[in-house]
Amino acid sequence: MKNNQYVEFYTQVRDTIRQRSCPVMNAHRDEAFSTFSAIGFPTQKVERYKYTDVAQDFAPDYGIQLSSTTGDRTEFCCSLKDAPIDVAPYYNSIANKQDAVVALNTMLAVDALLVYVPKGIKAKHPIQINNTLKGKQDTMINRRILIMMEEGAEADIIITDHAADHQQFLTNQVVEVFCQDNSHLNLYEIEETNLMCTRYSNVFIHEGRDCSVRHTSLTIFNGHTRNTCHVQMVGEHSEVTLHGCVIADKMQRVDNNTCIEHMVPNCQSRELYKYILDDSAIGAFAGMIHVHKDAQKTSSSMTNANLCATRQSRMYTQPMLEIYADDVKCSHGSTVGQLNDQALLYMRQRGISLSEAQLLLKSAFITEVIDNIPLEALRDRLHIIVDKRMRGELSKCEGCKLC
Amino acid sequence: MEDITREFVNKDYEYGFHTDVHTEIIEKGLNEDIVRLISKKKGEPEWLLEFRLKAFRYWQTQEQPTWAHLDMPEIDYQDISYYADPTASAKKDGPKEIDPELMKTFDKLGIPLEERMALAGVAVDAVMDSVSVKTTFQEKLKEKGIIFCSISEAVQNHPDLVREYLGSVVPYRDNYFAALNSAVFSDGSFVYIPKGVRCPMELSTYFRINASGTGQFERTLIVCDDDAYVSYLEGCTAPMRDENQLHAAIVEIVVKDRAEVKYSTVQNWYPGDKDGKGGVLNLVTKRGHLRGVDSRLSWTQVETGSAITWKYPSCILSGDGSQAEFYSVAVTNNYQQADTGTKMIHIGKNTKSTIISKGISAGKSQNSYRGLVKVSANADGARNYSCCDSLLLGSTCGAHTFPYMDIHNDTAIIEHEATTSKISEEQLFYCQQRGISSEDAVSLIVNGYAKDVINKLPMEFAVEAQKLLGVSLEGSVG
C-alpha cells in the first residue's frame, strides 16, 4: 500500500493543521484519517476506479500546501472560518466518507471556501473561482469548497483551473453543493492546465424540491484527470443536467465518473458527455443512473459520444442504469466512432484541406456541449479556446492576468 | 400465439415432477479422490484425469467471485454429490436397454427419443443428471461424417479430437466455475462437423437434473470445420425441490473458415417457488471462438427458469471478417435473479457483432444486463451494434444495465442504446377494449416485445419459448 507517506505525514503535522484550521473542519479530521489508513487508496479492482491508477497518481513525493488561504472576502465568498451561518451540519455531510481520496482531502485540507447565496437572492454576476497552480516545486493541493444555495437563490459559479509553472501539481478537490428548495445553480468547471498536472475532483450535489442544477465539466487541457460527480435528488420536481466535454491528446488521461440518484418521484435528469481523443490519449466514462424504489415518474437520459482520432487512443465507456421503480422512462446511449468520411470528402471537394475539414467536424461534434451553456460570454470564449486548442495553438491558458 | 399464451397463462412449472428410477449416486463432497473416482467411472485416459486434477487444484486456490448484481445463497461445495447415474442398473443388464422409466420421463418432457418421433427431424442427445441416456440418429449422421455423441463416448472413440479442442476456448483457469466444471464435468454433447458438410438436421441436447442433492456439470464441445454449418439446440428442466441445485456447465464452440454455427438455448430450470425457495443456480460459461475467416456464430437464448442465472455467452472474433450475434430474452418473476449478457471481443479485421437483449422483470425479481464490447488495437473496421431494452412489470422488481465498452482502435464503430419502460396504459387499454383480458394483453405485448429474439429460434423452439413466456409471467399482472 502506497498510502504510508500520507499516514506518516498526517501524524507529523496533525497539530499544526488543527491549529491553523477551524473547529468545523477539525471535527472530521481524525475520523477521515482512520478511514484513510484503514482502506488505503483504491486499486483498479474497485469497480469505480477501474480505469484510474490512484496509488500511482499519489505516489510522487509532493510538497503539501498547509498555509491557510486568506483571500479577500467578497459578496458571496469567504473562508469557512468566517462563515456567516452555521456550516457544521453541512460540512462533510454528503461527501462519500468511504472514498480514500475524499478522506485524504478531509484529513489534510486546512481551509475551505464557502460560497453562500442567501435566501431569495439572485447573484447578478457569475462568481468565478480561479485556481492557479504556481510554485517552484512539486505540490499537492487539497482544495475544499462548500456551496450553499438557500431557498430561492440563483447563481452561476465558474471554477477554473490553470497552471502557471511546469511542475508536477496534484489537485485534490472536494466540492459539496447544497441546493435548498426552489434554488437554481449553474456550476461550471473548466480545466486548462498542462501535461504535468493531475487533478482529482469530487463533486457532491444535494438537491431539494423544485430545484434546477446544471453542472458542466470541461477538460480542455490536462495531464491526468479524474472527475466524480454524485447527485442526490431528495426533493420532488427537480431537475439536473450534467454536461461534459473532453479534448485530450498526447498522453493525457481523463476519467469521468458520474452517479445520479433519483430518490423521490417526479424528477428529471439529463446527461451528455462528449470526448475527442487524439494521439495516445485515454478516455473513460462511467455513468450511473440509480432510480430508487419509490421514484416513480422519473425521466432520465444519458448519452456518451466519443471520437477516437488515432489508433493509439483508447476509450472505455460504461453507461449504466439501475432501476427499482416501474413507472419510469430511462434511456442511455453510447457511441464510439470516427469522423464521417462522406462529410470529409464533401468539404475536400470544395477546396477545404483535410486537416481543416477534420477540425471543422471535431468542432461541430463538441459544439453540442458548449452551445448548451446559458452564459453567453463564457460560451463565446469557450468557442475560441476550443478552436485554438484543436489547432494546437493553446500551450497555456491565454488572456489570464495571473499566468 | 394468443391461444398459446392463454392456454398456458395459468400453469405453474409443469416439468417439476420427479422420476423414480434407481440412480447410483456417489457420496457427497469434493476432493481429489472424488475427481479420480469420476474419471475412473467414466474409464477416462490418463491425460483427461491430469486435466481434471490440474483444474481441481487451481479451483482450490480460488474464491467464488461476488461482483455480480445477485444475492447468492452460500453454496456448500462439500454438500453436493458430483456424480449421479440413472442408467447404472441398465448397464449391468445390457448396454442397449434403456430403463422404461427414463423413456417415460423424456416422453413426458416431449423429447423424441423414439424412432416414431423421427418425423420431428431432430437428433437428440438426452442427458439426465451426470449421464447421457441416449443419442438418436447417430447412424444417419455418421454417413455424412458428422460426429454427434456424448462427450464420454467421444473421449473413448475420438480422443484426438477431444484432446485438441477441450479447454481451448474456455481454459480451466478462466473463472471459478469453469475450474470447478473442468474438475468434475460429467456428461454433455460432442459435435464435430467435417469440412464442407451442412448438417441436415437440427442437433439437440436435453438436460435434466433428476436426483436430489446433486448438481449438473455438463460440458459441451462443438467443432465446426471449414465451410460447415450446424444448428444446435439446448433445453433443460429440473424437478421442484426446496433446496438450491447447482448447475455449472461449460459450452465451447470452435468455428473455422467460412463455417456457421447457430446455438439456441431455451433454459427452463426450476425457478424456485413463489417465495423464492429452492430453484436451480445456473452458473454457466459459454464461449465461441470464431477462428476462421468469414466465420459466423449466433447465440440465441430464452432464459425463463433458474432461481439465479449468471452467464455471459461470449464470442471471440479472431478470424478476419467474422460475424457474431447475440439475441437474448431473459424473464424473471417472483424472487428470480438474472445477471446475464454477452462479451464480444473483436480481434480480427472487419469483424461485426450484434447484440439484442430484452429483459423482462416481474414480481420481486432483479434482472441485469451486463455486457462487454472490446475492440483490440488490430481490429480495424470493427462494427458493433448493441441494443438492450428492459420491461418492468410491477413496482417491486428491478431492471439494470451495465454495458462496458473498451475501444482500442480508431476505425471501430460502436453503438449502444438501451431503454427501460413499462407496458403503457394505452396499449393495455387498446387490448382490453377489444375484449382481451389484462393478463392475455400483457402476454400479447410481452411476446411482441420479445419477437425480435424469438424469431431467431428454430420453429419448434420458438413455439416452446412463446409458451414459456406466458407461463413465467403468470400471476404477475394486477
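Reader: Which residue in S23(B) is the bridge partner of A:Ile323?

Author: This is a predicted model, so read every pairing here as a prediction. Strand S23 covers residues 398-407 of chain B. Look there for the bridge partner of A:Ile323 and you land on B:Ala399.

Reader: In which sense do S17(A) and S23 of chain B pair, and over how many bridges?

Author: These two strands sit on separate chains, A and B, and they do pair. The sense is antiparallel, and the number of bridges is six.

Reader: How many residues does each chain bring to the contact?

Author: Count each chain on its own here. Chain A puts in 30 residues, and for chain B the number is 29.

Reader: Which strand gives the most to the side of chain A that touches chain B?

Author: Strands S17 (314-323) and S18 (329-337) of chain A each supply at least two residues of that side. By class, the side has 13 nonpolar, eleven polar and six charged residues. The top contributor, with ten residues, is S17(A).

Reader: Switching to B:Asp320, is that residue buried, exposed or partly exposed?

Author: B:Asp320 lies in the loop between strands S16 (314-317) and S17 (323-332) of chain B. Buried takes 20 or more other C-beta atoms within 10 Å, and exposed takes 12 or fewer. B:Asp320 has 18, so the call is partly exposed.

Notes: Residues are numbered from 1 along each chain as its sequence is written. Chains are lettered from A and ligands numbered from 1 in the order in which they are written. This is a predicted model: local features need pLDDT of at least 70, side-chain atom pairs count only at pLDDT 80 or more; totals for chains, interfaces and linings use all residues. Helices (H or I, at least four residues) and strands (E, at least two) are DSSP runs, numbered from the N terminus. Two residues are in contact if their C-beta atoms, placed from the backbone, lie within 7 Å. Ala, Val, Leu, Ile, Met, Phe, Trp, Tyr, Cys and Pro count as nonpolar, Asp, Glu, Lys and Arg as charged, and the others, Gly among them, as polar. Two strands pair if DSSP finds at least two bridges between them.
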